Amino acid sequence: MTTATPLTTTPPVAVDKKESTAAKAKKKLTSPWASLVAIVIAVLWTLPTFGLLISSFRPERAIKTTGWWTWFSDPTFTLENYQSVFDPEAINLADFFLNSIVITLPAVIIPLCLASLAAYAFAWMKFPGKNFLFIAIFALQIVPIQVTLIPLLTLYVDMGIANTFWTLWLSHSAFALPLAIYILHNFIKEVPSSLIEAARMDGAGHVAIFFRVLLPLLTPALAAFGIFQFLWVWNDLLVSLTFAGSPEISPLTVQLSNLSGTRGTAWHLLSAGAFVSIIVPVTVFLLLQRYFVRGLLAGSVKG
């Protein structure tokens, strides 16, 4: 007597919709058409900068009579434009370039230090009114900078620090703190609580946990916001026009604004000065762009 072998059926494999959607998105983004669109956008984005670079090396007469694209048919170079903008007896952008560095570096370091400490407190410390205070700080991002300039200027005059670098450092730091605290708080909150509890079991306090455990994990987020703040402060004009009342503390952007106002037809000087002003931010972004992207898109250790 033979027994029939029971028929077995393989259950259908469930297709993960998330994986399917992600695969489709990845396929679209890596398609030749997507690459072509990205290349076209990159070319259009860098074309004005390339034209500015060529114009900065062209003679004054060539700039005023022909477009920069005519350089390909009649290539001519001169360094007189850069010699003029760095002339100590004329425009002398070197001093304003140094002022921009003196303004930007503290305006980046101060909010990073304060925001990282505040973000840790909001993420892992308990104190009365924590949630309300965090919401209030987050809501400060919607306050327009323009409405705070005159009250701040009045306050600085009363404090006796007007026309000093402190006005620029404090203003840029205050404007940056709400966003910095929000970004760093979300990053710190992603750290597994088991990691914090393990450090507490070893006898670590808040100071040790922050500097020994969290600070190394915060490096991508700190770098991302640091780059963002650096570019923002370096390219700022409004805050500098309001608080930098003397040439001794004016940054490069203020001098370029004055140059365009008093020498509106001196395109050869404006092109050279503008390209000098973008050298540092472009270099910083190109050197640190991987940290910028990693800090914005990647979290820390996740459980």
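Predicted model: local features only at pLDDT ≥ 70, side-chain atom pairs only at ≥ 80, totals over all residues.
Among contacts in the protein chain (heavy atoms within 4.5 Å) between residues at least 6 apart in sequence, 72% join residues at least 24 apart. Residues are numbered from 1 along each chain as its sequence is written, and side-chain values use heavy atoms, with hydrogens and water left out.

The chain has 14 helices and zero strands, where helices (H or I, at least four residues) and strands (E, at least two) are DSSP runs numbered from the N terminus. Of its 303 residues, 35% are buried, with buried meaning under 20% relative accessible area, exposed over 50%, and partly exposed in between (1.4 Å probe, protein chains only). The accessible surface is about 19,000 Å², and 69% of that belongs to carbon and sulfur atoms; these areas come from the Shrake-Rupley method with a 1.4 Å probe, and for residues only the protein chains shown count as cover.

Let me turn to two residues. Gln 255, in helix α13 (residues 252-262), counts as buried at 14% relative accessibility, and, leaving aside residues up to four places away in sequence, Gln 255 touches Ile 91, Leu 93 and Phe 96.

Leu 44, by contrast, lies in helix α2 (residues 32-56) and is exposed, with a relative accessible area of 56%.
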